[in-house]
Amino acid sequence: MEGQEGFFDFAATVGLTKHIGGVEATETLAAWCDIGPGKVVLDVGCGVGVTPCFIARRYRCRVVGVDISPQMIARCHERARRERVEGMVEFRVADAQDLPFENELFDAVITESVTAFPADKQRAVNEYARVTRPGGYVGLNESTWLK
């Protein structure tokens with residue numbers, strides 16, 4: 001198990017999620033991005049679904065989570081069932097650099113410790129902006145991946 005692929009495979013297997021600042025950082029990001037009832041939110045790099053399920057439940061909004069790992073997305077579906085938020089969340093396998101959504105679809109696009117990983121970070125950020133509605137928000141809580 002080497003590099004980021006090995007880490008993500010391990011994380012998916014054990015159901016691990018990680019991002020800087022924990023739930024307090026997620027709450028701050030949600031506040032800064034005006035996430036609330038009736039909003040539609042995209043969580044890029046949703047991992048095992050902790051943030052999408054939390055945001056859907058806490059802020060009473062619809063959340064779409066995407067992750068590049070099919071194994072992570074499988075864990076997301078398990079978590080949504082366990083937390084009884086299936087009707088408020090949707091999960092898809094997708095690459096941050098090529099999001100499978102139409103333009104201007106989401107009120108907010110968030111990432112937590114994700115944008116450090118794509119090969120073309122600018123392309124990923126451009127995708128976040130592309131799928132965000134005019135007047136919407138792109139919120140990033142980021143870290144750095146050292147190879």
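**Side chains first, then the fold**

Colleague: What relative accessible area does arginine 75 have?
Modeller: This is a predicted model, with pLDDT of at least 70 needed for local features and 80 or more for side-chain atom pairs, while totals for chains, interfaces and linings use all residues. Residues are numbered from 1 along each chain as its sequence is written, and side-chain values use heavy atoms, leaving out hydrogens and water. Arginine 75 counts as partly exposed, which is the class between buried (under 20% relative accessible area) and exposed (over 50%), taken with a 1.4 Å probe and protein chains only. The value for arginine 75 is 24%.

Colleague: Which residue does arginine 75 meet in a salt bridge?
Modeller: Side chains of opposite charge can pair when their charged atoms come close. The rule here is a side-chain nitrogen of Lys or Arg within 4 Å of a carboxyl oxygen of Asp or Glu. For arginine 75 the N to O distance is 3.2 Å, and its partner, with a relative accessible area of 33%, is partly exposed too. That partner is glutamate 78.

Colleague: In which helix are arginine 75 and glutamate 78 separated by about one helical turn?
Modeller: Helices are DSSP runs of H or I with at least four residues, strands are runs of E with at least two, and both are numbered from the N terminus. Arginine 75 and glutamate 78 are about one helical turn apart because they sit three residues apart in a helix that covers residues 70-83. That's helix α4.

Colleague: How far apart are the closest N and O atoms of glutamate 83 and arginine 79?
Modeller: These two are also in helix α4, four residues apart, so about one helical turn lies between them. Glutamate 83 is partly exposed at 26% relative accessibility, whereas arginine 79 is buried at 15%. They form a salt bridge, and its closest N and O atoms are separated by 3.3 Å.

Colleague: Which residue is linked with Arg79 and Glu83 in a network of salt bridges?
Modeller: The structure holds nine salt bridges. Another of them joins arginine 92 and glutamate 90, with N and O 3.0 Å apart. In the network, Arg79 and Glu83 are linked with Arg57.

Colleague: What is the angle between the ring planes of phenylalanine 54 and tyrosine 59?
Modeller: Rings of Phe, Tyr and Trp (its six-membered ring) pair if their centres lie within 6.5 Å; planes under 30 degrees apart are stacked, over 60 edge-to-face, and the rest tilted. The count comes to two aromatic pairs. Phenylalanine 54 and tyrosine 59 make an edge-to-face pair with centres 6.3 Å apart, and the two residues are buried, at 14% for phenylalanine 54 and 15% for tyrosine 59. Their planes are at 85 degrees.

Colleague: And how far apart are the ring centres of phenylalanine 101 and phenylalanine 106?
Modeller: Phenylalanine 101 and phenylalanine 106 are both buried. Their planes stand at 90 degrees, so this pair is edge-to-face. The ring centres are 5.1 Å apart.

Colleague: Which residue in β4 is the bridge partner of valine 41?
Modeller: Strand β1 (residues 40-44) runs parallel to strand β4 (residues 106-112), and four bridges join them. For valine 41, the partner in β4 is alanine 108.

Colleague: How far is the C-alpha atom of proline 134 from that of glutamate 104?
Modeller: Proline 134 sits in strand β5 and is exposed, at 64% relative accessibility. Along the chain, proline 134 and glutamate 104 are 30 residues apart. Their C-alpha atoms are separated by 6.8 Å.

Colleague: What share of the chain do buried residues make up?
Modeller: The chain has 147 residues. Buried ones make up 47%.

Methods. Two strands pair if DSSP finds at least two bridges between them.
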